[in-house]
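Student: I would like to go through the labels used for this model and check each one against its cut-off.
Tutor: Then look at the model before the questions start.

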Amino acid sequence: MTMSNLDRRDFLKVLGISGAAATLAGCGHTSIESGVEEVMSYVNPQDFVVPGIGVFYASTCAQCGSGCGIMGKVREGRVLKLEGNPESGISGGKICGLGQAGVQAHYNPDRLRTPMYQGEGGLTPVSWERAHQILEQRLGPNSPLKGEQIAFLTGGVSGHQRVLLENFLETFDSTHHVAYDALSTATGRAASKAILGAEQPLWNIHKARLIVSFGNDFLGNGVSPVYMARQYALFRKAPRGTLIQIEPRMTLTGGNADRWYPIKPGTEGILALGIAHDLLQHEEFSKGVPQEVLDLVKNYDRDAVSDITGIGSDAVRLIAAQLWNNSPSLVIAGPSVEGHSYGFSNAAAVQLLNVILGNRGTTMEGQSEHPFPQLTPVLGNYQALVDLNQKMASGQTQALLIYGTNPVFTAPSHLPFAESMSKVPFKVAFVTHMDETAGHCDLILPLLSALEDFGSHVAEYQPEGVEVMLQQPLMEKLYPESKGYGDILLSVLKKRKPEAYAGFPDYYSYLKTAMVKAKPVFKVSDSDDHFWEDALRNGLVKWEGKPTSLESRLPALTMPKPAELATDYPFYFVPSIRPDMRDGRHAYLPWLQESPETMTTVVWDSWVEMHPKMAEAMQIKEGDILQIQSATGSVRAKAYLFPGIQPDTVSMPLGQGHTQLGRFATGVGVNPYKILDPIFDAHTGELAMHATRVAVRKTGEYQKIVKDEGPTTFQGGQKLVATLPADQAKLSKEI
């Protein structure tokens, strides 16, 4: 590859550098030019072997999309433990339990160890030579595929993994990158964009005196839990901030709140308008508010709101008074607000409170503009999966590549994704474990673990300027037949576009070249080698951006009254998100299966949470096997009596019920995704995950629930913990 064969601008585009950043990237003096030097792989076995001495290497956690910087402790060439990276503005030297389990993901015995091919004799192991032959035959330079005939389905993806993916599709004249997230926040992001002009503003939690959270579990499974926990610690220091949590089912954040209110699912927007009604009685808040907003909220006085939401009128008055008396404040919304057919209106009504309270510029700011927007994360949504499903079913999609998502498991039963996949002639899965979606593919390629591979990442939530996080191997790969996602794509690109990619012997060389070419943007004066060594040592490169201004819009809203519960389905169904299981992709990790769920302490199972008073009325006791029936389907699980839930609501955790994900996940629990009804947000088309209604029936069977609650008495009989019957607990009282 030489500059004479490839235009400089095209070369920079190949590396993920374009626009203004490309101009800056050309201003520095770099020793790495197109093909002038051979860039070899950094990894060398002896780099990690210091007998008896533990050495730490920086990298990036890949367990979720938060982009936390980590440090891996390595001894005798083996990674032993992960800790937070103090250099990271996101993790700040901290790490969560899910991140700690990254070590077990690396050493998991069920990792795929060799390529598999679905031939005439069924699914059989093949060599990499044969796998590359199949890839070249189907996707090589002579492939007839073009445009939307080829699709790349991923979860959220960022950094140079995203760049390489889109470069790959570009060689087919395709832009058909489908990003899907089973726990999509697209509805909330759209509402925030409409009101504030930004999909994900920065929350300055530490600056707030009062936080009112409508179902946002920011300490458990929010956009950046480790960073939020650090902010929350500052929020609780003097002068101590107050947290009010409003949600149908208590989350980890709700358990930490000063006041917790159980609300009827789907009525959060009406409560927000009721609070706005009280606030707008004060002239300081009503100035400049459009008349249509004043006309809207006048219908939501305390008594009307109380009847609809189940929140007492005194509580509505108290929350409004707290917001009036405690400034600055912060109001946020979460999945339980967004997961309805009018979820956009719900979330917009909550954001409206921030505008009325004047929180812009204090507790809410816009994130810094990224110098490399092509590296920023592509976030998944459900509607993208629906569109892909239609194209597959109609025969438009001829090749499908899948990375970082498992829609056969997470798609509800009313979306026949597996059936539609069968109509695609060629399907490739890039996986570390054989999951339900990979089981329907023709070619399954074993990936390196996140602790063995190179990469770059950009987090959705960038709290302190901009960070490009670097991922590097902490040890040599365990299984010789596994390969990196970037290396596999690069091998195909070398065949399809050799003039652009032949000069990169591996993905490491591509990544290093891209980062060094971008060095002038980061305003670093060191030599290229020192810049790269510092980047690997620190695990990141920082760009000191400044927060941007948020807009202030007060659009007219239409807030429908939620439908009454039907006799056939008399309960609201709330699927809960465990911070460790998320959408179920981590269920193969026994550490996490053994880790007690934060609010119930249940392990290794699925269960149905029901309020004790409702259970008493139905003569249900803990451990009874219940059938949960929706209009779409049914599941069976054990009853767990839980006072932290709205009485007309039942809840089940997501993440269990796998049929194919290794020995520790397969056959454990049930899959609540499959009973979700086909109800969608009217504005975004997203699946309304909290809009399903269910019936509950006793089966007459019983099994004891396995919990990790620990001893409550000393050997002598003295009580260690004072207990209170669940039906007497007053969880909405101030702690």
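**Labels and cut-offs**

Tutor: In this predicted model, the side chains of K495 and E136 meet in a salt bridge, 3.9 Å from N to O. The pair links distant parts of the chain, with K495 in helix α20 and E136 in helix α5 (residues 128-139), 359 residues apart.

Student: Why is the contact of K495 and E136 called a salt bridge?
Tutor: The N to O distance is 3.9 Å, and the cut-off is within 4 Å, so the pair counts as a salt bridge.

Student: What makes K495 buried, partly exposed or exposed?
Tutor: Buried means under 20% relative accessible area and exposed means over 50%. K495 has 45%, so K495 is partly exposed. E136, at 38%, is partly exposed too.

Student: Which label does R663 get?
Tutor: R663 has a relative accessible area of 55%, which is over 50%, so R663 is exposed. R663 also forms a salt bridge with D110, with the closest N and O atoms 2.9 Å apart. R663 lies in the loop between β24 (649-653) and β25 (693-702), and D110 in the loop between α4 (102-107) and β4 (116-119), so the pair ties together parts 553 residues apart in sequence.

Student: How do you know whether helices α6 and α20 are roughly parallel or roughly antiparallel?
Tutor: The axes of α6 (residues 159-170) and α20 (residues 485-496) come within 10 Å and cross at roughly 25°. Angles under 35 degrees count as roughly parallel, so α6 is roughly parallel to α20. The crossing is left-handed.

Methods:
Residues numbered from 1 in each chain as written. Predicted model: local features only at pLDDT ≥ 70, side-chain atom pairs only at ≥ 80, totals over all residues. Heavy atoms only, no water. Axes fitted to C-alpha atoms, helices over the stretch in contact; angles between N-to-C directions. Helix = DSSP H or I, 4+ residues; strand = E, 2+ residues; numbered from the N terminus. Parallel < 35°, antiparallel > 145°, perpendicular 65-115°, else oblique. Left-handed = near helix turned anticlockwise from the far one by under 90°. Buried < 20%, exposed > 50% of the residue type's maximum accessible area, 1.4 Å probe, protein only.
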